[in-house]
Structures are given as structure tokens and as C-alpha cells.
Amino acid sequence: METPSEENQVQNRDKRGCFECCIKCLGGVPYASLVATILCFSGVALFCGCGHVALTDTVTILETHFSKVPSDHAMLTDVIQLMQYIIYGIASFFFLYGIILLAEGFYTTSAVKELHSEFKTTICGRCISGMFVFLTYVLGVAWLGVFGFSAVPVFLFYNMWSTCATMRSPIANLTNIDSICVDIRQYGVIPWTATPGKACGSTLGDICNTSEFYLSYHLYIVACAGAGATVIALIHFLMILSANWAYLKDASQMHAYQDIKMKEEQELQDITSRSKECLNSYT
């Protein structure tokens with residue numbers, strides 16, 4: 001029968017074993033890849049979700065106030081629908097790609113942790129890491145373009161908002177607000193033949209007071225911020241993947257050196273043993 005002191009020692013060993021196991025598991029987590037994945041998911045979710053809703057409200061504003069003939073903005077409507085389908089594809093692709101990069105981070109972390117053990121990185125693993133570096137670089141450049149493109153509607157809505165704020169400002173002391181207009185046609189959003197194509201005075205003020213305008217303006221800002229966060233996440237991923245690829249390359253070279261060294265030592269031992277056998281046979 002165990003004494004209380006022996007039971008306490010067993011419990012302490014169990015606790016120590018669980019603690020060491022937890023520390024070992026936490027040591028194998030690629031925290032940099034985890035942070036980049038969370039940032040990438042957040043940025044893509046903000047861009048796709050807010051951008052989709054903002055595009056829908058933008059079509060409503062155009063149809064109600066700037067282009068009342070459907071044939072004038074038919075092409076724009078088709079383009080917006082195509083962009084919404086592209087948003088669905090972007091969300092699905094980056095959800096899968098983020099998980100793959102996180103898994104690659106776990107793989108590389110394990111490879112580096114086991115650098116001096118029997119774990120060996122293969123040529124295929126190094127090629128996959130190099131492929132991810134190239135693909136992430138291309139996606140980063142593409143998202144820079146998406147970030148710049150997402151700033152365009154923010155600029156357009158800001159111009160309308162600032163114009164409405166100027167009309168409402170008592171400091172401006174405007175005598176004829178009907179002379180203040182915003183012409184959407186000059187931005188190339190709708191053709192010059194669209195009617196009315198512009199909003200002036202009180203009509204412009206009513207547009208700025210609608211919930212669609214207020215919501216779309218802020219959603220475009222959030223979508224632009226999400227695109228920027230995605231760019232930062234991809235840059236973060238690119239640095240991580242480049243470092244991981246370098247670690248894998250060093251690990252493979254180290255293992256190759258160790259294999260050559262072990263072979264040379266084995267050959268030396270064989271030569272020594274054969275020499276001893278020859279000497280023994282002569283004696």
C-alpha cells in the first residue's frame with residue numbers, strides 16, 4: 001500500500017509530465033504563421049463582405065438618382081454582378097490558401113525543431129516551399145492592385161460627402177445651392193447619355209442623407225482597410241515562407257554533411273578493423 005508521500009510524488013510526476021508535454025506542443029506552434037493567417041482571414045472577410053454589400057447599395061443609388069433608364073447602366077450592372085461573383089471566389093480561395101500556408105508553417109517548424117535528429121526534409125518539400133514563396137509574391141502584387149482599386153469608390157463617395165458637408169456648413173454662406181452639383185458621368189461610371197447623370201442642390205443633399213449612401217460610404221472604407229490588411233498579411237507570409245525555405249535548405253545541407261561524415265567514419269572503422277585482422281593473421 002502506497003504511503004501519502006509516495007502518492008504525492010506520483011501526482012507531481014504526472015503534473016510535471018503534462019506540463020512538459022504542453023510546453024513541447026506549444027513550442028511546435030508556428031505563431032508567426034498563425035498571426036498572418038488570422039490577419040489574412042480578417043482582411044479578406046472585411047473586403048469581401050463589406051464590398052459585396054456596398055456594391056449592391058451603389059447600384060440602388062445609381063438606379064434611383066443618377067441613371068433612371070436601365071439601358072444606360074446595364075453594362076455597369078453586369079460588371080458589378082461579375083465583381084460580386086469574383087468576391088465569392090476570392091473568399092473561398094483565400095480560406096483554403098490560408099489553411100495550406102498554416103499547415104506549411106507547422107511542417108517547417110517541425111522540420112527545424114528536428115534539425116539534429118533523424119527527421120529529413122525531402123526535395124519535394126523544399127520545392128513546395130519555394131512554390132509557395134513565388135505564389136504568395138504574385139498574390140501580394142495582385143492585392144496591391146486590389147487595394148488601389150478599392151480606394152477609387154472611397155474617393156468618389158468622399159467627394160459627394162464633402163460637397164454635401166459644404167452645402168450644410170453655415171460658414172460657406174451659399175446663396176444658391178442649386179449651382180452645386182455632382183456629376184457621376186465625369187468619372188466614367190455611367191455614359192454621358194445617362195439621364196439625369198448628376199445631382200444638384202437639395203437633391204444632392206437628400207442623396208447624402210439616405211441610409212444607402214451612408215452605409216455604402218463606410219462599407220467601402222472598411223473594404224479598403226480589409227484589402228490593406230490582406231496586403232500586410234501576404235507580406236508577412238512572404239517573409240515567413242522565405243525564412244522557412246532558407247531553414248529547410250540549411251537543414252538539408254546539414255543532413256547531407258552528417259551523412260557524408262557518418263559514411264567516412266564507417267569506412268575508417270572498416271579499414272581499421274581490416275588492418276587489425278591482417279596483423280592478427282600474420283602474428
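1. A quick definition to start: a disulfide here is a pair of cysteine sulfur atoms within 2.5 Å. By this rule the protein chain has two disulfides, and with bonded cysteines counted along the chain they follow the pattern 1-4, 2-3.

2. Please keep in mind that this is a predicted model, where local features need pLDDT of at least 70, side-chain atom pairs count only at pLDDT 80 or more, and totals for chains, interfaces and linings use all residues. Residues are numbered from 1 along each chain as its sequence is written, and side-chain values use heavy atoms, with hydrogens and water left out.

3. On the overall fold, the protein chain has six helices and two strands; these are DSSP runs numbered from the N terminus, with helices being H or I of at least four residues and strands E of at least two. Along the sequence the order reads α-α-α-α-β-β-α-α.

4. Now to Cys181 and Cys200, whose sulfur atoms sit 1.9 Å apart in a disulfide. The torsion about their S-S bond is about 110 degrees, so this disulfide is right-handed. Cys181 is partly exposed at 32% relative accessibility, where buried means under 20% relative accessible area, exposed over 50% and partly exposed in between (1.4 Å probe, protein chains only).

5. The other disulfide joins Cys164 and Cys208, with 1.8 Å between the sulfur atoms. Its S-S torsion is about 60 degrees, so this disulfide is right-handed. Cys164 lies in helix H4 (residues 123-168) and Cys208 in helix H5 (residues 201-208), so the bond ties together parts that are 44 residues apart in sequence. Cys164 is buried, at 1% relative accessible area, and Cys208 is buried too, at 10%.

6. Cys50 is buried, with a relative accessible area of 13%. Cys224 also counts as buried, at 14% relative accessibility.

7. Finally, some totals for the protein chain. Of its 283 residues, 34% count as buried. Among contacts (heavy atoms within 4.5 Å) with a separation of 6 or more, 82% come from residues 24 or more positions apart. The chain exposes about 17600 Å², with carbon and sulfur atoms supplying 67% of that area, as given by the Shrake-Rupley method with a 1.4 Å probe.
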